[in-house]
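Please take a moment to look over the sequence and the structure below, and then follow the paragraphs that come after them.

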Amino acid sequence: MSATGFGPLLLRLHFYAGVLVAPFLLVAALTGIAYAFTPQMERAYYADEYVVSSPGDAVKPLSAQLAAARAKHPEGSVTAIRPGRGEATTQIDFTSPELDSEHAHTVFVNEYTGQVTGQLTTWYGESPLRTWFDDLHTNLNLGTAGFFYSEFAASWLWVVALGGVILWFRRQRGKRMLRPDLKAKRGVRRTRSWHASTGLWLSIGLLFLSATGLTWSNYAGENFGNAVDALHGSRPAVDTELAAVTPAPAGGGHHGGGAAPAAADTPADLTQIDKVWQVAEANGITGSPAITVPADNHTAWNITEMGARWPMHRDGIAVDGATGQVTDRIDYADWPVMAKLTQIGIYAHMGDLFGLPNQLLLAALAIGLITVIVWGYRMWWQRRPTRDGTRALVGAPPVGPGAWQQLPTWAIVAGVPVVLAIGYFLPMFGLPLVAFLAFDLIVSAVRGRRRGAAIPVSPAPAGMKAVSPTPAVSPAPAEAETLAAGEAKTVAAGEVKMVDKQEAAG
């Protein structure tokens with residue numbers, strides 16, 4: 001990778017992406033830690049609703065539990081039932097006029113005593129507490145507008161991580177990359193060694209979080225879903241449509257023996273629940289199942305395992321409630337590979353896949369990312385000029401504007417279509433990148449007209465000769481030509497050497 005090619009652009013892009021994207025990554029990391037531990041918070045905060053304090057030996061039939069829930073919530077239709085196991089209560093969802101289709105009133109029942117333990121308004125089965133932290137992580141509880149923040153962070157996380165790894169590899173020439181330089185003097189060099197080596201350890205996990213986070217973002221997530229559909233890699237669902245409704249017994253009409261007319265659409269018969277549950281258990285559907293109540297008698301009951309722990313249990317069947325026949329079945333083993341990977345990635349991203357170890361790993365990644373961000377801003381502050389007349393709050397960018405214009409022609413010709421394709425698939429990456437390049441071009445043009453302005457420098461480390469700042473006056477034409485030639489020579493020597501000269505703070 002030539003210093004007059006990709007290096008300066010990558011260094012400048014990494015710098016500005018780090019400065020501008022880091023606040024969003026910081027928020028995502030903090031809210032992600034909180035969300036990862038919501039199962040423990042739920043169990044403590046909603047102990048009465050979710051936890052059976054004294055599990056018994058015999059479990060009440062689901063029909064009896066349903067009757068108790070109906071007594072608590074007499075209005076609305078039953079849409080789903082999640083049978084309780086062990087210390088977990090049974091959850092029964094009801095519709096309500098004041099709720100939209102995504103929310104339900106969930107009644108919790110002690111499966112051993114049949115007593116109702118509480119009621120919550122849930123979002124796709126999630127408690128209000130978990131929903132609040134979910135929204136905080138994905139949209140800062142700002143609604144649709146807030147989703148831009150999380151998609152922006154996920155779209156640039158992989159760029160920052162990969163760029164940092166490449167820059168660190170080039171600086172170290174592939175040696176001593178995994179540990180910080182403890183012998184370096186205090187200053188930017190020591191901070192950079194901690195920043196880069198820690199980022200390298202985190203890189204695989206950060207790339208994973210970026211990829212999985214994008215799968216359910218607004219724009220990139222939609223593009224990902226379309227691509228998966230085109231590749232026939234979507235998660236399959238059982239077919240709940242019944243071929244024919246089981247006819248009622250023949251009536252004793254005038255001619256006798258004639259078949260009864262086809263039954264009209266009627267609500268599902270909830271008394272079938274015990275039979276349906278027995279069929280599901282007999283067919284091995286036992287891992288945290290969710291029973292979806294059919295909307296009418298033309299639809300089968302859908303019983304699907306919802307286990308999020310490894311190994312995955314996601315088998316599902318459709319059962320004709322009238323006959324007890326299994327009309328369709330889809331096992332997790334038969335899912336397309338893409339669907340399996342997507343589901344595993346989502347559960348791992350949420351901290352559910354491996355339970356507490358998964359949560360601790362996510363917390364470690366988030367804390368590591370926060371630390372790397374802090375070190376990055378510290379480097380920016382350490383590179384600030386501190387001499388009289390040239391003081392500044394932070395340091396200048398390590399590479400001047402117009403770095404992308406130094407790319408070879410073949411790279412621009414080949415790179416533009418690639419960047420456009422990535423930008424189309426990841427709009428929250430593509431649009432900011434175009435804005436960055438436009439800004440960079442404008443700044444480069446403006447500075448080209450004012451070449452020779454004062455350049456603040458940082459103090460040299462002990463034992464090194466300080467570099468004097470450029471006078472804050474416009475040079476003569478001959479001097480301007482000499483200065484331009486010197487800058488071009490500096491760039492050609494490599495951004496590493498140039499950064500070392502500008503970073504004489506340590």
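The model is a predicted one, in which local features need pLDDT of at least 70 and side-chain atom pairs count only at pLDDT 80 or more, while totals for chains, interfaces and linings use all residues. Residues are numbered from 1 along each chain as its sequence is written, and side-chain values use heavy atoms, with hydrogens and water left out.

W156 also belongs to the largest nonpolar core, which has 32 residues, and there L25, W156 and L369 touch the most other members. A nonpolar core is a set of buried Ala, Val, Leu, Ile, Met, Phe, Trp, Tyr and Cys residues joined through side-chain atoms within 4.5 Å; buried means under 20% relative accessible area, exposed over 50%, and partly exposed in between, with a 1.4 Å probe and protein chains only. Two or more residues of this core come from each of helix 1 (6-36), helix 6 (147-172), helix 7 (188-214), helix 11 (356-382) and helix 13 (427-449), and helix 6 gives the most, with eight residues. Helices (H or I, at least four residues) and strands (E, at least two) are DSSP runs, numbered from the N terminus. Apart from this core lies another, of 23 residues, including Y46, W335, A348 and L353.

How do two of these helices meet? Two packed helices are described by the angle between their axes and the distance between the axes. Helix 1 and helix 13 pack at an angle of about 115°, with axes 12 Å apart; the axes are lines fitted to C-alpha atoms, for helices over the stretch in contact, and angles run from 0 to 180 degrees between N-to-C directions. In this contact R12, L13 and Y16 of helix 1 meet L433, F436 and D440 of helix 13.

Aromatic rings form 16 pairs in the structure, and rings of Phe, Tyr and Trp (its six-membered ring) pair if their centres lie within 6.5 Å, with planes under 30 degrees apart counted as stacked, over 60 as edge-to-face and the rest as tilted. The ring centres of Y377 and W380 are 6.2 Å apart and their planes stand at 40°, so this pair is tilted. Ring pairs also link F15, Y16, Y377, W380 and F436 into a cluster.

Note on methods
Contact = heavy atoms within 4.5 Å.
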